[in-house]
Amino acid sequence: MYKAFIFYCSPAGTTRHVAEVIEKTLDNFDRQITVCELGKNKGKLAEVIREIKDSDQEICLFIGSPVYSSHALPLIMDLIGRLPAKSLAYAVPFVTWGAATSGIALAEMGTALMQQGYKLIGAARVVAVHSLMWEVENPAGKGHPDYEDDDLIKNLVSNIENNLQKPDPKLLPEQILSYQSATVTAEMKQQNLELARKFLPPRKVNRDLCNQCGVCADKCPVAALTLTPYPTYAEHCILCFNCMRWCPENAIEADLSPAHDMVQLRYEKYKESPLSKIFLPT
Ligand SMILES: Cc1cc2nc3c(=O)[nH]c(=O)nc-3n(C[C@H](O)[C@H](O)[C@H](O)COP(=O)(O)O)c2cc1C
């Protein structure tokens, strides 16, 4: 009997949705599950890492990240680096992406997990509407994740359940996650959130409109925003733009149209297919 752990970060809710489908499917198998959302509650994270360390059961981790600038979020990679060494531990990285490119996030997560001694037993990429495109009428990925995407995830989890019942479960070859060409991989290695910080527009707080209600701080998934007394951003802001999206007064302003064009251009350039995909050992 293995124990399941689900870790994820989800600024706009899609990765949480996938994590919930995983949780419900595992629940149908009466699996013991611990769920940990990363970003705000560092105490809970430390507790769950301790739980993994102290567990004498076989374990399987499901770790989910949105793709940001072709990579997994830095806090997801940090978590992987903190995972305790275990003798029998399996891992299932999963990403959600905004139809621009799923990048090299799964490959990097897979490699990092293996370096920590975790055996890869499945993986998934699930397409969504790009979380910077909420003002766009017909964005690529519209309507996703849909029922078919959810079914793919249920299928992934059921396959993993069956596989882990076997005395010698089949493993996912690491290279299957390196599905981008060498050229594209090299290009994506050059991209990161720090460069995106230069490209994405600055957010301006309109002090005539801001009534310091605090919705922006509540919606910040990584506790990077404080009211002093107007919104100010800490360096670890991940540029999800939730603060702007959810401000009830529209007091946080930025022109995202160049970013919209960039997402569309990348969608046309990379044309990844299929958009959502699960990876299982054969
Ligand atoms: C700063 C930033 C960078 C992003 N970079 C990419 C990217 O490189 N490729 C892509 O397809 N989507 C990208 N996205 C979109 C997200 O990966 C996608 O919307 C994801 O489903 C969001 O997950 P969440 O709803 O759990 O936050 C980016 C979003 C943001 C805010």
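Helices (H or I, at least four residues) and strands (E, at least two) are DSSP runs, numbered from the N terminus. Residues are numbered from 1 along each chain as its sequence is written. The model is predicted, and local features need pLDDT of at least 70, side-chain atom pairs count only at pLDDT 80 or more, and totals for chains, interfaces and linings use all residues.

N155 is placed in helix 5, which covers residues 147–165. A residue is termed buried if 20 or more other C-beta atoms lie within 10 Å of its own, exposed if 12 or fewer, and partly exposed in between, with C-beta atoms placed from the backbone. N155 has 14 C-beta neighbours inside 10 Å and therefore counts as partly exposed. Between the C-alpha atoms of N155 and F199 the separation is 38 Å, and these two residues are 44 residues apart along the chain.

Helix 5 also packs with helix 1 (residues 14–28), at an angle of about 45° and with the axes 9 Å apart. Here axes are lines fitted to C-alpha atoms, for helices over the stretch in contact, and angles run from 0 to 180 degrees between N-to-C directions. Helix 1 is therefore oblique to helix 5; angles under 35 degrees count as roughly parallel, over 145 as roughly antiparallel, 65 to 115 as roughly perpendicular and the rest as oblique. The contact involves V18, V21, I22, T25 and L26 of helix 1, together with D150, I153, K154, V157 and S158 of helix 5. Two residues are in contact if their C-beta atoms, placed from the backbone, lie within 7 Å. By class, the residues of this contact are 6 nonpolar, 2 polar and 2 charged. In this scheme Ala, Val, Leu, Ile, Met, Phe, Trp, Tyr, Cys and Pro count as nonpolar, Asp, Glu, Lys and Arg as charged, and the others, Gly among them, as polar.

M77, I80 and G81 of helix 3 meet M109, A112 and L113 of helix 4. The residues of this contact comprise 5 nonpolar, 1 polar and no charged.

The domain assignment of the chain, which is automatic or from a database, gives domain 1 (3–183 + 272–279) and domain 2 (202–254). Contacts link 11 residues of domain 1 with 8 residues of domain 2. On the side of domain 1 that touches domain 2 there are 8 nonpolar, 2 polar and 1 charged residues. The C-alpha centres of the two domains lie 28 Å apart.

Some backbone features remain. Most residues other than glycine have a negative phi, and most peptide bonds are trans. H144 and P145 are joined by a cis peptide bond with omega of about -5°, and P145 is in the loop between strand 6 (123–127) and helix 5. T228 and P229 are likewise joined by a cis peptide bond, with omega of about -5°; P229 is in the loop between strand 8 (225–227) and strand 9 (231–233). L239, not a glycine, has a positive phi of about 65° and is found in the loop between strand 9 and helix 9 (242–246). L239 counts as partly exposed because 18 C-beta neighbours are inside 10 Å. K271 has a positive phi near 40° and lies in the loop between helix 10 (257–270) and strand 11 (277–279). With 10 other C-beta atoms within 10 Å, K271 is exposed.
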